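Colleague: I'm new to this one. Can you walk me through it?

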Amino acid sequence: MPKTLSVLTLNCWNVSPPYDERMAVLRRTIADLQPDLVGLQEIVVRPDGMHQGREILDGLGYDLEFRPAFSWDDDASFAGPEGRDYGFGNVAASRLPIVARDWIRLPGSESGEIRSATAIVVARPDGELPFVSTHLNWRFDHGYVRERQVVALRDFAWNVAGDRYLPPVVVGDFNADPDASEIRYLRGWQALGGRSTFFEDAWAAAGDGGPGLTWDNRNGFAHLVDEPDRRIDYIFVGLDHDRGRVTVEDCRVVMNEARNGVYPSDHFGVMAWLRL
């Protein structure tokens, strides 16, 4: 097996229209890119059997784990995900065998948003790799919530890693640009609450030197919302000098061209190639 691993992340914009056309474009693009690991956010699963993650990935060679950040009661109000396998949340998927699965609700539910992270551990000949897909609070003025979320996310990712040789890979929609304190914390550029960490930002390490926009108003779906262009979707690779090194060889913005006038989401995706 080659020692290069490809990783894709995309916020899938839930079931926003034109849903069928978008999902068809998304499936075709994933089939073309053939990533080994896929993190999807804003995935909807309903108790009637509708499963957006499976609609996207079934038949493409993936095993997946979906965990909801929240579910709905019969009156359409928010409910906790405990004991439920449906709702709104994140998918972590792999073409490699999955040997462990985990989930965490992130802090900040008092803000009116409920967020979570879904984790899997995949088996490779060179070790077991933890992989986490997440989605943080979206409001511009919720940086103080995202700060708490990234600290919890760091602890969760490394707890999933446990004593495994390979460090965690964490992907998702962080709803914060690279200069935000929550992203600076993950990159080791500042402490939060007297704590620090380090994850390598794949785009900063091996992107093409451009802005790497994943929210871009040239995408007509993004243009529907009056928000500035920015880079808010990331692939992060943990670093621990006592573990194996995972090196980012390449990173690209993907899913950034329409097919027959349709983009797969209001976000663009990010894909990285990692050397283990």
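Colleague: How much space lies in the largest cavity?

Modeller: About 40 Å³. A cavity here is a set of points on a 1 Å grid over the protein atoms alone, where a 1.4 Å probe fits but cannot get out. Grid points are joined across faces, edges and corners, and the volume is the space filled by probe spheres set on the points.

Colleague: What kind of model is it, and how are residues numbered?

Modeller: It is a predicted model: local features need pLDDT of at least 70, side-chain atom pairs count only at pLDDT 80 or more, and totals for chains, interfaces and linings use all residues. Residues are numbered from 1 along each chain as its sequence is written, and side-chain values use heavy atoms, with hydrogens and water left out.

Colleague: Back to that cavity. Which residues line it?

Modeller: Among them are D201, W203, R231, D233, Y234, I235 and C251. A lining residue has an atom within 4 Å of a point.

Colleague: Which strand gives the most to that lining?

Modeller: Strand 11, with 3 residues. Helix 5 (202-206), strand 11 (233-238) and strand 12 (247-254) each supply at least two. Helices (H or I, at least four residues) and strands (E, at least two) are DSSP runs, numbered from the N terminus.

Colleague: How many cavities of 30 Å³ or more are there?

Modeller: The structure holds 2. Strand 5 (residues 87-94) gives the largest share, 3 residues.

Colleague: Now the open spaces. How much space lies in the largest pocket?

Modeller: About 240 Å³. Of its 15 lining residues, E42, W138, N175, E227 and D266 are the closest to the centre. A pocket is an open set of points with protein on both sides within 12 Å along at least five of seven lines.

Colleague: What classes of residue are in its lining?

Modeller: There are 5 nonpolar, 4 polar and 6 charged residues. Ala, Val, Leu, Ile, Met, Phe, Trp, Tyr, Cys and Pro count as nonpolar, Asp, Glu, Lys and Arg as charged, and the others, Gly among them, as polar.

Colleague: And the second largest pocket, how much space lies there?

Modeller: About 150 Å³. Its lining includes V45, R46, H51, R54, E65 and D85. Strand 3 (residues 63-72) gives the most, with 3 residues.

Colleague: New topic. In what order do the strands of the open sheet run?

Modeller: The order is 6-7-8-9-11-10, with mixed pairing. Two strands pair if DSSP finds at least two bridges between them.

Colleague: Why is one side of strand 6 and of strand 10 left without a neighbour?

Modeller: Strand 6 (98-105) and strand 10 (199-201) stand at the edges, each with a single partner strand, so one side of each has no neighbour in the sheet.

Colleague: How do strand 9 and strand 11 run?

Modeller: They run antiparallel, joined by 5 bridges. V171 has I235 in strand 11 as its bridge partner. I235 also lines the largest cavity.

Colleague: What about helix 3, does its span agree or disagree with its length?

Modeller: It agrees. At 1.5 Å a residue, the 19 residues of helix 3 (residues 143-161) should span 27 Å, and the end C-alpha atoms are 27 Å apart. The expected span is 1.5 Å times one less than the number of residues.

Colleague: What comes just after helix 3?

Modeller: G162, which takes a positive phi of about 55°.
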